Amino acid sequence: SLPCAAYSTDAGATWTVSPTSFPSLGGVGGDVGVRERMLAFGVGQFICVGNKKEIFSFDGINWDVGLALTIAGTTKYFYFGGGTFVLVCSATDKVYTTPGDGVYTERTLPSADAWSAGAYGNGRHIVVASQATAKSDDGGVTWTAAGNLPADTGACLTMAYGNGVWVVVPAGSTNKLYYSNDGGATWSLTNTLNASNQVYSR
């Protein structure tokens, strides 16, 4: 078993390993890798998911094992918004939602794709692939196609919403960012960064 988390109570100045250890969260063909563990906070709890199960904590220090997960595809992204946790999976047309009770409900996306990121803002969930995007205005229950990202976007690393704008960060060494200020209907290139720069999520 491995320590499941580290926590800080002084705004990140120092970090302590959680006293709780758990078996692997489960990955494709074996133990889950670090990149396949995803963490989100909402409704008073932290939830960390892999491909086979979740662990949760109400204080970020002490953790418990949740229910086993049965999902299609590979877990790629996990976020919280509007009272709902959303688990985004690649190579499938499925996404999974939970209110935080350990029960994940399968929802259907408009198409099977390499879905890789998602975010919530202004009453809407949006998930993205390399070009396709999908939106939900009913808490992640039903999903419809939104506007496509530009053809040269490539795989998406992360995305966020703030001040009425959705921003998508492509993965790899690209020096581009894309944004939408109309709820995902259209996407535009921001001012291109210096070609020697790389963008990282945090």
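**View 1. Lys-94 and Asp-93 form a salt bridge in this predicted model.** The closest N and O atoms of the two residues are 3.8 Å apart. A salt bridge here is a side-chain nitrogen of Lys or Arg within 4 Å of a carboxyl oxygen of Asp or Glu. Side chains of opposite charge can pair when their charged atoms come close. Lys-94 is buried, with a relative accessible area of 17%. Asp-93, at 25%, counts as partly exposed. Buried means under 20% relative accessible area, exposed means over 50%, and partly exposed lies in between (1.4 Å probe, protein chains only). Residues are numbered from 1 along each chain as its sequence is written.

View 2. Lys-94 belongs to strand β11 (residues 92-98) and Glu-106 to strand β12 (residues 105-113), so the pair ties together parts that are 12 residues apart in sequence. Strands (E, at least two residues) and helices (H or I, at least four) are DSSP runs, numbered from the N terminus. Glu-106 has a relative accessible area of 44% and is partly exposed.

**View 3. Arg-124 and Asp-137 meet through their side chains in a salt bridge.** The N to O distance is 2.7 Å. This pair links distant parts of the chain, 13 residues apart: Arg-124 is in strand β14 (residues 124-128), and Asp-137 is in the loop between β15 (133-136) and β16 (144-145). Asp-137 is partly exposed, at 48% relative accessibility. The structure holds three salt bridges.

**View 4. Phe-41, Phe-46 and Trp-63 form one aromatic cluster.** A pair of aromatic rings is described by the distance of the centres and the angle of the planes. Rings of Phe, Tyr and Trp (its six-membered ring) pair if their centres lie within 6.5 Å; planes under 30 degrees apart count as stacked, over 60 as edge-to-face and the rest as tilted. By this rule there are seven aromatic pairs. One of them is the tilted pair of Phe-41 and Phe-46, with 4.8 Å from centre to centre and 55° between the planes. Phe-41 is partly exposed at 46% relative accessibility, and Phe-46 is partly exposed at 27%. The ring centres of Phe-46 and Trp-63 are 6.4 Å apart and the planes meet at 45°, so this pair is tilted. Phe-46 lies in strand β6 (residues 45-49) and Trp-63 in the loop between β7 (53-57) and β8 (64-68), so the pair ties together parts that are 17 residues apart in sequence. Trp-63 is buried, with a relative accessible area of 6%.

**View 5. Four strands make an open sheet in the order β17-β18-β19-β20.** The pairing is antiparallel. Two strands pair if DSSP finds at least two bridges between them. The edge strands, β17 (156-162) and β20 (188-189), each pair on one side only. Strand β18 (residues 165-170) and strand β19 (residues 178-180) run antiparallel and are joined by three bridges. Val-167 has Tyr-179 in β19 as its bridge partner.

**View 6. Thr-158 and Tyr-77 are joined by a polar contact between their side chains.** The contact is 2.6 Å. A polar contact is a pair of N or O atoms within 3.5 Å; within protein, one must be able to donate a hydrogen and the other to accept it, and residues adjacent in sequence count only if both atoms are side-chain atoms. Thr-158 is placed in strand β17. With a relative accessible area of 15%, Thr-158 is buried.

**View 7. The protein chain has zero helices and 20 strands.** Of its 202 residues, 42% count as buried. Among contacts (heavy atoms within 4.5 Å) between residues at least 6 apart in sequence, 36% join residues at least 24 apart.

How values were computed:
Predicted model: local features only at pLDDT ≥ 70, side-chain atom pairs only at ≥ 80, totals over all residues. Heavy atoms only, no water.
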